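Look at the sequence and the 3D structure shown below. The paragraphs after it go through the chain part by part.

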Amino acid sequence: MTLHAARFVFLIAGLMLPTTALARSQATTGIIEGVVSDPDGSPIPGATVTVTNTDTGFTRTVFSQRNGRFYAPLLPLGPYTLTVTVDGFAEFNREGLRVTVGQRVDIESHSSWRRYRRLSPSLPRPRSSRP
């Protein structure tokens with residue numbers, strides 16, 4: 001390789017490095033992810049997870065997978081609320097989540113879930129066994 005060709009290769013490489021760094025620094029989204037599980041730690045598949053940017057009203061809805069994990073990528077920056085709904089459980093809400101550039105906000109929602117029992121109108125309410 002001649003000296004002229006070597007300079008050309010280094011020049012091209014030198015021009016490419018700042019471009020890739022610039023492209024990374026222009027990311028304008030973040031991620032909210034987590035696991036939906038019951039109070040015993042068992043995963044809850046099929047839960048509806050809605051994240052809403054409270055400044056803009058932008059909303060994304062995703063669903064938890066078999067392992068209870070949900071993943072809401074490419075969220076515009078800003079403050080968010082998260083709502084999780086699934087049959088047989090009380091609605092879970094979390095406010096004040098902040099998505100910043102390239103950040104992953106990881107939510108473990110099981111600590112605030114309370115299971116509720118559905119009662120059929122034709123069945124009597126269970127009585128407490130306490131005196």
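The chain has one helix and seven strands, where helices (H or I, at least four residues) and strands (E, at least two) are DSSP runs, numbered from the N terminus. Along the sequence these elements follow the pattern α-β-β-β-β-β-β-β. This is a predicted model, in which local features need pLDDT of at least 70, side-chain atom pairs count only at pLDDT 80 or more, and totals for chains, interfaces and linings use all residues. Residues are numbered from 1 along each chain as its sequence is written, and side-chain values use heavy atoms, with hydrogens and water left out.

The pLDDT is the predictor's confidence in each residue, from 0 to 100. For the chain it averages 74, and 63% of the residues score at least 70. Confidence is lowest in helix 1 (residues 3-25), with a mean of 45, and highest in strand 3 (residues 59-63), with 98. Over residues 4-23 the pLDDT is below 50, and this stretch has two contacts in the model beyond near neighbours in sequence; contact means heavy atoms within 4.5 Å. The pLDDT is also below 50 over residues 111-131, a stretch with 21 contacts beyond near neighbours in sequence. Where pLDDT is low, the predicted coordinates should not be read in detail.

The strands can be taken sheet by sheet. Two strands pair if DSSP finds at least two bridges between them. Four strands make an open sheet with antiparallel pairing, in the order 3-2-5-6. Strand 3 and strand 6 are at its edges and have a single partner strand each, so one side of each is left without a neighbour in the sheet. On average, neighbouring strands of this sheet are turned by 20° against each other, direction ignored. The axes behind such angles are lines fitted to C-alpha atoms, for helices over the stretch in contact, and angles run from 0 to 180 degrees between N-to-C directions.

Within this sheet, strand 2 pairs with strand 3 in the antiparallel sense over five bridges. Val51 has Arg60 in strand 3 as its bridge partner. Strand 5 and strand 6 run antiparallel and are joined by six bridges; here Pro79 has Arg98 in strand 6 as its bridge partner.

Strand 1 (residues 29-35) runs parallel to strand 7, and five bridges join them. Opposite Ile32 stands Val105 in strand 7.

What lies inside the fold? Of the 131 residues of the chain, 29% count as buried. Buried means under 20% relative accessible area, exposed over 50%, and partly exposed in between (1.4 Å probe, protein chains only). The largest nonpolar core has 20 residues, and Ile32, Phe70 and Leu82 have the most contacts inside it. A nonpolar core is a set of buried Ala, Val, Leu, Ile, Met, Phe, Trp, Tyr and Cys residues joined through side-chain atoms within 4.5 Å. Strand 2 (48-53), strand 4 (69-76), strand 5 (78-85), strand 6 (92-99) and strand 7 (104-108) each supply at least two residues of this core. Not counting residues up to four places away in sequence, Leu82 touches, among others, Ile32, Val49, Phe70, Phe92 and Ile107.

Thr85 is in strand 5 and is partly exposed, with a relative accessible area of 31%. Leaving aside neighbours within four places in sequence, Thr85 is in contact with Ala47, Thr48 and Glu91. Leu74, found in strand 4, is exposed, with a relative accessible area of 58%. Leu74 also has a positive phi, near 55°. Most residues other than glycine have a negative phi.
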